[in-house]
2 protein chains.
Amino acid sequence: MTDTQKKTVLVIGAGSVGAIAALNLEVGGFASVTVALRSNYNAVKEQGYTIESCDHGFLRDFRPSVVRNSIPDIVIENLPPYDYIVLCTKSTPDVGPTSLDLVAPALPKDNTHTTLVLLQNGLNIEKPFLESHPQTVVLSGVSFIGSAEPSPGHIVQNEPDRLLIGVFPHPHNTIETASARAQEFVTVYSAGGKTDCKYSPAVLHDRWRKLVYNACLNPICAITGVDSGRIRLADGGLDGLVRPAMREIVAAAKAVTNIELEKDVVEKVIDTDPMENWGKPSMQQDIEKGNYIEFEDLLGEPLREGKKAGVPMPTLEVLYQLARAIQWRTKEAKGLVQLPSQ
Amino acid sequence: MTDTQKKTVLVIGAGSVGAIAALNLEVGGFASVTVALRSNYNAVKEQGYTIESCDHGFLRDFRPSVVRNSIPDIVIENLPPYDYIVLCTKSTPDVGPTSLDLVAPALPKDNTHTTLVLLQNGLNIEKPFLESHPQTVVLSGVSFIGSAEPSPGHIVQNEPDRLLIGVFPHPHNTIETASARAQEFVTVYSAGGKTDCKYSPAVLHDRWRKLVYNACLNPICAITGVDSGRIRLADGGLDGLVRPAMREIVAAAKAVTNIELEKDVVEKVIDTDPMENWGKPSMQQDIEKGNYIEFEDLLGEPLREGKKAGVPMPTLEVLYQLARAIQWRTKEAKGLVQLPSQ
């Protein structure tokens, strides 16, 4: 395939998840990838990515086709629209910028050409885009990869890349158009043969299923400082915290979307991370690094949806309020909070 | 008063609270104090206490009559029984030793002479003593002092010593005997004139009243790492966490003991610590120092009592379970937990 036949893909935020996405897209030969980086830009610009991957082996100096330190402004820079924009940043709308703000320069309001792929966690993340870009196809990416970036540009992927691509319910585009785009993306993403990327017709199911982990284990480990292996041993960890929280998500999934998650989903999700890895979920890692946590999309949205549907969610309510206070602490540490003068 | 007329008082655990108690007892001239120390023994043995006190001024090298690094075993050491034993240690029965174990060598089972004063926080702390020492008078001490020990033997007291002494409900001793002992203790403790120590007939009221702070603000600050001043500013701090938790304690006090706390108790307790001090409640200090937290007596007991009485306590339930997991983390750090071998 010549370069001009390749799909152009802009990957925004290529850390532990996005770098592997960029890699899969490039190695398949059907895509030319531009990555827009922030915190790891200097490292990647100078030496490329160093990748240790259970799917791809050891790679030194992996460089996507274009490495940038800003979001392309396609009007000002007079660039053709990308075929795909894959958004892989963490989503912290409570402390800004929102995903919408971030993508805006590369995605005109009247866009129909570019397909947006939200490779992000949580609920209702597509809503702002559907409102502001009603003619854009927005796809859902739910990733089950195990990957980390211990230092800028150094990616360690220790669990296979498994990715579910689907179509967010959408008022304007017909499901046929959108699902054709989704299937095409799966083909382009999978072409290298080193990933398990599938089209999924059940986006809401996939997202609620992942929330059983992300709205529960993730904040519980972040708040207690007890990792996903140890929480299974800690006093009160499973019966006092994890199981009650997960049961609330299962009930909310049913009440909000009529989705019946599988009967043993709670126990299965508890066992997701191999015990002996003593793995730290993303929010716990973020707290330890002094970063913001994605608690609004991962915990706040399912809580609000569940409560609106009449589901009692006392455990998630308290976890949510604690996460808010902890986020406030981080905001203060980063200088975003002004204490009253004394 | 000659030394032989003085009351003999054993103060167990003389840190920020106990050292000021020992000081008040000594300066009044009616008591001869033995302190039994652990972590600050070497410092106090060598240079006495250094005390900066809003009640007493600046004192260098304050030494109680006897400074020991063990609990006196009055049988083995052939000592006369103390008139009073004042227990000022933190209470962490879940990680042992229990208060009962601690006091045992100085308090024979058939004791009638020695009066035990529990200058400790929380609920039901007298129960083990009433069972094992049915003839011992057990008094309640509820302290509202503001005091810290930034380094061993160095006491900084920045809020006045206010102490309520009363009688725990008791099946054997008549209330008259016990309350006479309580009044005597108040006299001995107050004789120096630098403290506000009063007899209180309403022990359960005093204890539940203090739980409005200790079962709520204390663990919330410990878990979030947001201090008692900042929690009033933090997103979700008051309306999401502090007020709901405090209302649960107010409801439990009513249901369990028929005590009506004052109508504005929640707002009053929120304002207990001067905002601009950015004060860290004891559990938050303990977490930061890597110490165990007193969550069972301060949070677990009122939660269990309230639930038994049918009060819904969803906020305290989650705070309690999180505190358990955090305590487990400390246990692991101190080598008390054995992880399964891999």
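Mentor: One term to start with: a polar contact is a pair of N or O atoms within 3.5 Å, and within protein one must be able to donate a hydrogen and the other to accept it. Keep in mind that this is a predicted model.

Trainee: Okay. What does the side chain of T114(A) reach?

Mentor: The backbone oxygen of Y82(A), at 2.6 Å. T114(A) sits in the loop between α3 (99-103) and β7 (115-118) of chain A.

Trainee: Is T114(A) buried or exposed?

Mentor: Buried, because its relative accessibility is 0% and the cut-off for buried is under 20%. Leaving aside neighbours within four places in sequence, T114(A) is in contact with residues including P81(A), Y82(A), T136(A), V137(A) and R181(A).

Trainee: And S140(A), where is that found?

Mentor: In strand β8 of chain A, which covers residues 137-143. S140(A) counts as buried at 1% relative accessibility. Its side chain makes a polar contact of 3.0 Å with the side chain of R207(A). Beyond its neighbours within four places in sequence, S140(A) also has contacts with others, among them L118(A), L164(A) and F168(A).

Trainee: Zooming out, how many helices and strands does chain A have?

Mentor: Chain A has 11 helices and 12 strands. Of its 342 residues, 57% count as buried. The C-alpha atoms fill a box of roughly 60 × 50 × 45 Å along the principal axes.

Trainee: What radius of gyration would a compact globule with 342 residues have?

Mentor: Near 20 Å, and chain A has 20 Å, so the two agree. As for contacts in chain A between residues at least 6 apart in sequence, 70% join residues at least 24 apart.

Trainee: Now the other chain. How many residues of chain B are in contact with chain A?

Mentor: 31 residues of chain B, against 31 residues of chain A. The area buried between the chains is about 2,800 Å², with carbon and sulfur atoms giving 68% of that.

Trainee: How many salt bridges are there between chain B and chain A?

Mentor: The count is 4. One is formed by E332(B) with R230(A), where the closest N and O atoms are 2.7 Å apart. On the chain B side, α6 (203-224), α7 (237-257) and α11 (314-333) each supply at least two of the residues that touch chain A.

Trainee: Which of those gives the most?

Mentor: α11(B), with 13 residues. Sorted by class, the side of chain B that touches chain A has 17 nonpolar, 7 polar and 7 charged residues.

Trainee: What about R68(B) and E77(B), what do their side chains meet in?

Mentor: A salt bridge, 2.8 Å from N to O. R68(B) is buried, with 17% relative accessibility, and E77(B) is partly exposed at 35%.

Trainee: Which residues are linked in a network of salt bridges?

Mentor: R209(A), E262(A), D264(A) and K268(A) are linked that way.

Definitions and conventions. Residues are numbered from 1 along each chain as its sequence is written. Chains are lettered from A and ligands numbered from 1 in the order in which they are written. This is a predicted model: local features need pLDDT of at least 70, side-chain atom pairs count only at pLDDT 80 or more; totals for chains, interfaces and linings use all residues. Side-chain values use heavy atoms; hydrogens and water are left out. Contact means heavy atoms within 4.5 Å. Buried area is the accessible area (1.4 Å probe) that two parts lose on being put together, summed over both. Helices (H or I, at least four residues) and strands (E, at least two) are DSSP runs, numbered from the N terminus. Ala, Val, Leu, Ile, Met, Phe, Trp, Tyr, Cys and Pro count as nonpolar, Asp, Glu, Lys and Arg as charged, and the others, Gly among them, as polar. The radius of gyration is taken over C-alpha atoms; the globule rule is 2.2 Å times the number of residues to the power 0.38. Buried means under 20% relative accessible area, exposed over 50%, partly exposed in between (1.4 Å probe, protein chains only).
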